[in-house]
Structure formats: C-alpha cells, structure tokens
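Hi,

Here is the model I promised to pass on. Have a look at it first, and my notes follow below.

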Amino acid sequence: MREDIRNFNQEELLKKFKGLQFESYRARQVLEWLYKRDVDDFAMMSNLPRELKEKLGLYFCIEKLAVEEIKTSRDMTQKFLFRLKDNTLIESVSIPLKARLTACLSTQVGCKFSCTFCASGSMGFKRNLEACEIIAQFLAIKKNVPLHKVNNVVFMGIGEPLDNYENCLRAIRILNDPGCANLGIRKMTISTAGFAPAIERLAKEGLQIELSVSLHAATDEKRSELLPINNRFPLKPLFKAVETYMALTKRKVTFEYILLGGFNSSVEDAQSLIRLVRGLNVRINLIPYNPGPARGRYFSPTKLEVLFFKNYLAQKGIDVFLRMPRGVDIAAACGQLKYHVLRKEKQNREA
Ligand code: SAH
C-alpha cells in the first residue's frame, strides 16, 4: 500500500529512499518541495527526473485535503472546513496577528470527551487523524497565506490531542524537524481537556512543547458538570500531572478558563481558582465563552463580569491574560463550523 510521504521525518525518509535505491539528496529535495515550496504533487517537483517522479507515485502518495468551505471573519481569522478521503469533516483555523500567524489544527474526527459547552463533542467521535492529516492542515493554511509566516501551531481544533497520542507526537516531531517544517517546539501548544496520565507521559518525552489545560472551573463539582473527563481524572490527579510536567520540562503551564456568564464568573469562583493555583508557576488564560450554535445552555459573560474576574485575579498576584475570542462571526470555536455544515446537510436530507 502507498503511504503518505508526510508521515515520515527526514531521517526516516532517507532510510526509505536508501531501501528503494533512490539517491539520498532526492529525499531532501522532496521535503523541500513539500515544506518550503508548498508543492503537494510529485509531478510538479521540477528538479526530479521523470522516472523518479513516477516511481515515487508507486510507493508514496500525498493525500489532498478537499476544501469544503472557507469562512473569513471581520478580524481576518479564517476557518477552513476540510473533507477527508473517507468523506469525514475536520476544521482548521488560521489566526493572523500582524506578520505572524497561528494555525489551529484538529487532531481527531469528532471527539469522545463530550464537554457540555463544546460543539465538537456533540457530533460524536469517528476516528483519529493520521500524522499526515494533521500536517496537511498546517501545509494548507501555510499555502493559503503566502505573505505570512505560520510560526505558531496550537492543537485546539476538533478532538483531544492526548487521546491520539502517537499520531500527534509524530506530527509534532515532523513539524519540528529542521529537514521538514522546522517549526520551534516552543511554538507548538497542546491543549488538553485534562487527560492526566497522558500529561505524565508527555512530560517524559524530552520535548519542551507548550501545554495548555482546559480547566474552566476550580472545583470538582463544577468541573465535572462541564467536562465529564473530570470524573475519571479529578483536579487532584490532574494537578499532580501538571506539576510533573512543569518539573520535568521547566515550562510554565497555561490553564484555559472559559468564562460562562452566571456559571463560573463570580467572586467565589475567582477565590476557588486562586486557592487552586496559588504557589504554582502557571498562567491563566481567560476566554469569554463563544456561544456558537449550541445556544441555550450557557451564556456569554457580560463585559463587567469579564473585567471583574480578570482584575480580581490580577490583584491577587495571579498571572492572568484575557484572550478575546477571534472569529466569533464565523463560528470559529472548536467544532462550530462543522456543526453548522452537518446540520445544514441533515436539513437538506430531511427536506
Ligand atoms: N480537547 C482539547 C482541545 C480542543 S478544544 C481541549 O479540551 O483542550 C480547544 C479549546 O477550546 C478548549 O480550551 C475548549 O474548552 C475551548 N472551547 C470549546 N468550545 C468553546 C466555546 N464555545 N467557546 C470558547 N471556548 C471553547
């Protein structure tokens, strides 16, 4: 069976080429076309001899992501809906900030974790993405913005990266490989719903990847209501894993805290959060809730609630940052565009 060539790092591809008796510098040329020149077709790799291009096509493939829809926000955030070879859908988001750009990538088709505020969980889980499908999203975004440098990757699209551990780590190592995308390891962020044992495992990889934990509530009672995974790994084992991560990687961990109006934004909530993180070298990222299509259950916080919460934490010496939601007008939060499109398809089928 032909394997997608983007599943290999430079060293592995050199070995494969050696086995096939292709000259090793040809592997470097192919990688340069893929990662530096945005070419995803062997036939277009003009410095390769025709015979080699044909042979490459026999042993390898470069699966294309079919663009189902692109939405551009007023703030220039772009959301891509891609259709994969098995007809399933994933989303990626490109978030420009001056000359830099962050690519937000999906790691699974759907999600098993059913967080109650998140559109992705409501659509069920289909399968893990392969490393090449994660990398293909990065390359598609890069190709789409030739004037920008994609210098940050966040695994905050659809899915739980630590539930697709092997493929995500493979994708991260290939993106990081100087012979491939050459993206700094500290420029990549894994976001997790709190898969404690996988955080412990990640801590031992010898990688200094940024870790973001979706905390969203500071007591087990409230957190379990939002994130069912908290029943399996409550705050105590989660914090133990985070402390291991910080100790072994020497990296500061970020806690994401979605502010849900009237749910987790009171002075008592702020006090619980302070008690939880006091003394730890962590950062809190506050994100006002993006209501999207799952309306009714939760609400966006008021401006006053947001400012009060942020200032309260800051005054108590907590490293807190307010992240304004990007792409609200294009349903850019996790799973929201896919949710819209699937719902439209269902309505069309029923009509
Ligand atoms: N499964 C991983 C990564 C995917 S979600 C995780 O849970 O971290 C990426 C981030 O978007 C998470 O912090 C998630 O809680 C948040 N998110 C999901 N839906 C949201 C919404 N409607 N508004 C704001 N943030 C949302």
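**What I found**

Leaving out residues up to four places away in sequence, Glu12 touches Asn7 and Arg170, where a contact means heavy atoms within 4.5 Å. Glu12 is found in helix α1 and is partly exposed, with a relative accessible area of 26%. For that wording, buried is under 20% relative accessible area, exposed is over 50%, and partly exposed is in between (1.4 Å probe, protein chains only). Between the C-alpha atoms of Glu12 and Phe117, which are 105 residues apart along the chain, there are 41 Å.

Before you go further, two notes on how to read this. It is a predicted model, with local features needing pLDDT of at least 70 and side-chain atom pairs counting only at pLDDT 80 or more, while totals for chains, interfaces and linings use all residues. Residues are numbered from 1 along each chain as its sequence is written, and side-chain values use heavy atoms, with hydrogens and water left out.

**The whole chain**

The chain has twelve helices and 14 strands; these are DSSP runs numbered from the N terminus, helices being H or I with at least four residues and strands E with at least two. Its radius of gyration is 21 Å, close to the 20 Å from the globule rule for 351 residues, so the chain is as compact as a globular protein of that length. That radius is taken over C-alpha atoms, and the rule is 2.2 Å times the number of residues to the power 0.38. Along the principal axes, the C-alpha atoms fill a box of roughly 70 × 55 × 40 Å.

Of the 351 residues, 54% are buried. Among contacts with a separation of 6 or more, 67% are between residues 24 or more positions apart.

**A covered strand, and a buried serine**

How many residues of strand β11 (residues 210–214) are buried? Five of its five are, so to speak, under cover. In general, side chains in a regular strand alternate between the two faces of the sheet. In β11 both faces are covered, with Glu210, Ser212 and Ser214 buried on one side and Leu211 and Val213 on the other. Strand β10 (residues 188–192) runs parallel to β11, joined by four bridges; strands count as paired if DSSP finds at least two bridges between them. Ile190 has Leu211 as its bridge partner in β11.

Ser94, in strand β5 (residues 89–97), is buried as well, at a relative accessible area of 2%. Its contacts, again not counting residues up to four places away, are Met76, Thr77, Gln78, Phe80, Leu101, Thr102 and Ile141.

**Helix α10**

In α10 (residues 267–277), Asp269, Ala270, Ser272, Leu273, Ile274 and Val277 are buried. The buried residues of this helix pack against α7 (220–226), α9, β12, β13 (282–288) and α11 (303–315). Gly279 follows α10 and has a positive phi, near 85°.

**Two loop residues**

Gln21 has a positive phi of about 60° although it is not a glycine. You will find Gln21 in the loop between α1 (10–19) and α2 (24–35), exposed at a relative accessible area of 74%. Lys250 is another non-glycine residue with positive phi, near 60°. Lys250 sits in the loop between α9 (235–249) and β12 (253–259), and its 66% relative accessibility counts as exposed.

Cheers
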